[in-house]
Amino acid sequence: MRPDVIPRKLWEHPDPESTPMWQFLQNVNKRHGLNLKTFLELHEYSLQNRSQFWADVWEEANYIHEGTYSRVVDESAPIDAVPIWFEGVKLSYAENVLYSRPKGSSSSQTRSTVGKEDDKVAVTEVREGASETRDATYGELRERAGRLAAAMKARGVKKGDIVVIVGANSIDTLLVWLATSWLGAIFSSSSTDMGTKGILQRTVQVNPKLLFMDDAALYNGKIVDLRSKMAEVVEGLKDCTNFDNIVSIRRFAEARDISAVPKAITWDDFIASGSSTPVPDFVRILFHEPYLICYSSGTTGTPKAIVHSLGGVMISYFKEGGLHEGLTGSDVTLQYTTTGWIMYLANVAILLYGGKTIIYDGSPFKPDSSILVNLAAQHRVTKLGISPRWMFELAKNGQSPREMADLSALRIVTCTGMVLSDQLFEWFYDSGFPPTVQLANISGGTDIAGCFGICNPLTPVYVGGTQGPSLGVAVEIYDSLVGDGEPGRPVPEGHAGELVATTAFPNVPCFFWSDPVPAGQTSPASPGTRYHAAYFARFPHVWAHGDFCVIHPTTRALHLLGRADGVLNPSGVRFGSAEIYSVIERRFADRVQDSLCVGQRRPTDHDESVMLFLLMKPGHKLDEKLVREVKEAIGADLSKRHVPKWVFETPEIPTTINLKKVELPVKHIVCGRKVKASGTLANPQSLDFYYQFAKVEELVNPHPNL
C-alpha cells in the first residue's frame, strides 16, 4: 500500500440513508442532541462516549432479557482488567434465536414469534454438492431444541457445564448449540475433519459433561466412517472427571452400529431418555457469564481455550451484523465454514434477526467450484460469506459468478480468513460479481469473536484492506520496534506497525479455560496467565492482536500486511508477507499456484534472510529464468530491499483445515527449531520438507539464489 496514492474506488452505497447504520446514527443524534453526519464521526463518538454508545447499541438490539444495569462498564478500568459489562442483565442465546421481542414492548421479557412464525423456514441444510437438502422451520427448531434440552437436563446438564460437539455444519449441530444454551451451559464445537489429536487437545482441557459426534462424514466426495475416531476420543477422555457420554449423531440414512464404542449412546436413544422430563424453562445467565469456548489455531502449541461471554458475543454481533452489514429478518445468508472456525457464529447469527441461513457441509469445490454460486442464486441469498482462497480459485479458473448464475438478490459478500490481495478486489468488480454488491473484507477473529476491521455502508470501498474500524473498538497502530513490555507508541497514519486495541469493549474474552489467576491477582488476564501472555505482554494495558497493519491516511482503510510474528525484517526493513504474495498473484498466477514467504534468522546469523517457497502449477517447474523474473518483479513492484535471498520450489504448503496458509511453523523450522505439528493442520506431513532449509547453505544444487 502506498500512503501517497488514493486507491481505486470500487463501490458506494446507492442510498446510504436507507441503511440501519444511518438510522442508528439518526437515533443517536435525537437521543443525545448531536449532529453526527458521517461514519468517522459516529466512530469517534463510539470511542469518546463508550458507555453511552454501547447503551445505544443495547437499546437498538431489543433482545429479550431480564434485569437492569446501573452502569454499562467501569470506563476507568484498562482493557486487561477485563471489566464487567451491563452488570445485572440476564439473557439467553437460545431464547433470542428462537423468539423475538416485539418492538416497543413495555417489558424486556416479552416473548413473541413475530418474524419467527412456526412455518417460516429458518435453516436450509445442504450436503456437499447439493446431494441432499433439508429444511427446518422456526417452529421445528423450538420443538426439537426443547426436547433435546429436556434430554440434556435429564442427564444432569446444568448451568456452567460444558457440552462439546464434533460435527458437521448441520441442523443437528445447531440443535445441540441451542439446547446447550437453553440450559445456561457452555457450548464448544470442532469439525469432523480434525484429527483425534486435535480434538483431544481441545476437549480434554475443558472436561466436558457430554460429547456429541457424527457417526460419519462426507468431504471431497468421500464418506468417512468416524466410529474408530469416536472410540479414540473416548479413550483420550478417560481422565476427564465430568465426562459421562458420547452421543452418536446419525449423519446418513441409517445409523451406524456404535455398540463397540465405550460410553456411546445414539441420538434417538438420548432423546428418548428425556421423554419423561418436561421441556425446561430457558436459563438466562448474566451478560458477562461464559456461554461459548473457541480455540486458537494451536499451530505452535496447545490451542488456547478462549471463553466468550454471552452478552459480549450477542451485542457485538448486533453491532456488526445489524449495523455494519445491515442485516434484517428479510435476509438470507450463506457462510461457508466448518464448525471449528469462528465464522460458524456468523453462519447462524442471522436467526437472531428472524432471517434464514443456508448451511453447507462439504467441499466448496464439489462437484465443481460453481456450487456456492449456484446455491446463492437458487436460495436468493443476500449475504454470502467466503474466503480469499475461494475467490482466488474462481479467478484463477477464469470463472465469473455473475455470468454463472442470477445473483440479483445478492447485496453483500464478506471475505475473511487471510489477507485479500488487491488483485482479487479488482477481479471482484471487474469480472466476478455484480457491481452493486458490496465487498466486505473483514478482519478480527476467534480471539474476540468479532472484528477489528469491517465494512460499513456509509463510506466507499477502495482497493485493499478493510473499509475501516469496527464501531466501539479503539483500533490503533503501534510502533513494532518497541520492545516487549515497554509502553507502546502510535505511528503516524500511513506507517506500518502492530494492530492494537487500547480500551475495553464487550466482546473481549471472559478468560481462558484452565488458566489459573496467580495469587493476589483478580483479573483473568493478570501477568502470569496464558491470557496475559497472548495479548497483553507486548504492550502494557493494551490488547496486541498480532497483526502487522497500516491505516491509509486518506481512505482510512485498515490494510493487513501479515502476522506481526511473521514480519520480515532483512537489514532492518520491516514488511509483511502479504506484500510478496500480492506480487506473485499479480505477475505469476499463470505458473505459480501458491507461495509461502518467511524470514530466516538462526542463532549464528547476523541478519535475517527472506525465503520464498513457490508451489508450481501442474506442468510448470521452477527454473533459473523464473527465479530471476520473480526477483525482478518484487524489486520493481516493491523495492530492492523486499527481494528474497532464497527462492525454492515446494511440493506442498502447510494449511489449517480451514485452508489458512500457515507461516509460523515453517519460520521456526528454517530457523533451526523443531516443531510439533498441530492437530489443526490439514497436512502436517508438509512440514517435513522444510527442515532441510535450516542448513540452506549445505543443500546440494539448490535453485539459483542471490
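Predicted model: local features only at pLDDT ≥ 70, side-chain atom pairs only at ≥ 80, totals over all residues.

**Entry 1: salt bridges**

Buried or exposed, I wondered about Asp172? Asp172 is buried, at a relative accessible area of 8%. Arg144 counts as partly exposed, at 26% relative accessibility.

How many salt bridges does the structure hold? I noted 42.

**Entry 2: two more pairs**

Next I looked up Arg380, which forms a salt bridge with Asp406; their closest N and O atoms are 3.5 Å apart. Arg380 sits in the loop between α12 (371–378) and β17 (383–386), and Asp406 in the loop between α14 (401–404) and β18 (412–415), so the pair ties together parts that are 26 residues apart in sequence. I have Arg380 down as partly exposed at 41% relative accessible area. Asp406 is partly exposed too, at 48%.

Then I went to Arg538, which forms a salt bridge with Asp484, with 3.0 Å between the closest N and O atoms. Arg538 is in the loop between α16 (530–535) and β27 (543–551), and Asp484 is in the loop between β24 (475–478) and β25 (497–501), so here the parts tied together are 54 residues apart in sequence. Arg538 is buried, with a relative accessible area of 15%, whereas Asp484 is exposed at 62%.

**Entry 3: empty space**

I turned to the gaps. Rolling a probe the size of a water molecule over the atoms shows where empty space is left.

The second largest pocket has a volume of about 590 Å³. It is lined by 25 residues, and the closest to its centre are Ala61, Lys103, Phe318, Leu352 and Tyr353. Which elements give two or more residues to this lining? They are α1 (20–32), α3 (50–61) and α10 (310–324). I wrote down the make-up of the pocket lining as 11 nonpolar, 10 polar and 4 charged residues.

Cavities next: the structure holds 2 of 30 Å³ or more. The largest cavity has a volume of about 80 Å³. Of its 13 lining residues, Pro460, Val461, Tyr462, Thr466 and Gln467 are the closest to the centre. β19 (438–441) and β22 (461–462) each supply at least two residues of that lining. I sorted the lining of the largest cavity into 6 nonpolar and 7 polar residues, with no charged ones.

**Entry 4: a hairpin**

I picked out strand β8 (residues 216–219) and strand β9 (residues 222–225), which pair in the antiparallel sense over 4 bridges. Ala217 stands opposite Val224 in β9. The two strands, β8 and β9, form a hairpin with 2 residues between them, and Asn220 in the turn has a positive phi of about 60°.

Which other residues did I note for a positive phi? Phe86 has one of about 50°, although it is not a glycine. Phe86 lies in the loop between α3 and β2 (90–91), and its relative accessible area is 0%, so it is buried. Lys263 has a positive phi near 60° and is likewise a residue other than glycine. Lys263 is in the loop between β10 (245–249) and β11 (264–266), and counts as partly exposed at 44% relative accessibility.

I also found a cis peptide bond joining Lys366 and Pro367, with omega about 0°. Pro367 lies in the loop between β16 (356–361) and α12.

Last stop was Glu95, in helix α4 (residues 93–98). Glu95 is buried, at 0% relative accessible area. Leaving out residues up to four places away in sequence, Glu95 touches Ile64, Arg111, Phe282 and Arg284.

Key. Residues numbered from 1 in each chain as written. Heavy atoms only, no water. 1 Å grid on protein atoms, 1.4 Å probe; cavity = no way out; pocket = protein on both sides within 12 Å on 5 of 7 lines; lining within 4 Å. Points joined across faces, edges and corners; volume = space filled by probe spheres on them. Nonpolar A, V, L, I, M, F, W, Y, C, P; charged D, E, K, R; others polar. Pairing = 2+ DSSP bridges. Salt bridge = Lys/Arg side-chain N within 4 Å of Asp/Glu carboxyl O. Buried < 20%, exposed > 50% of the residue type's maximum accessible area, 1.4 Å probe, protein only. Contact = heavy atoms within 4.5 Å.
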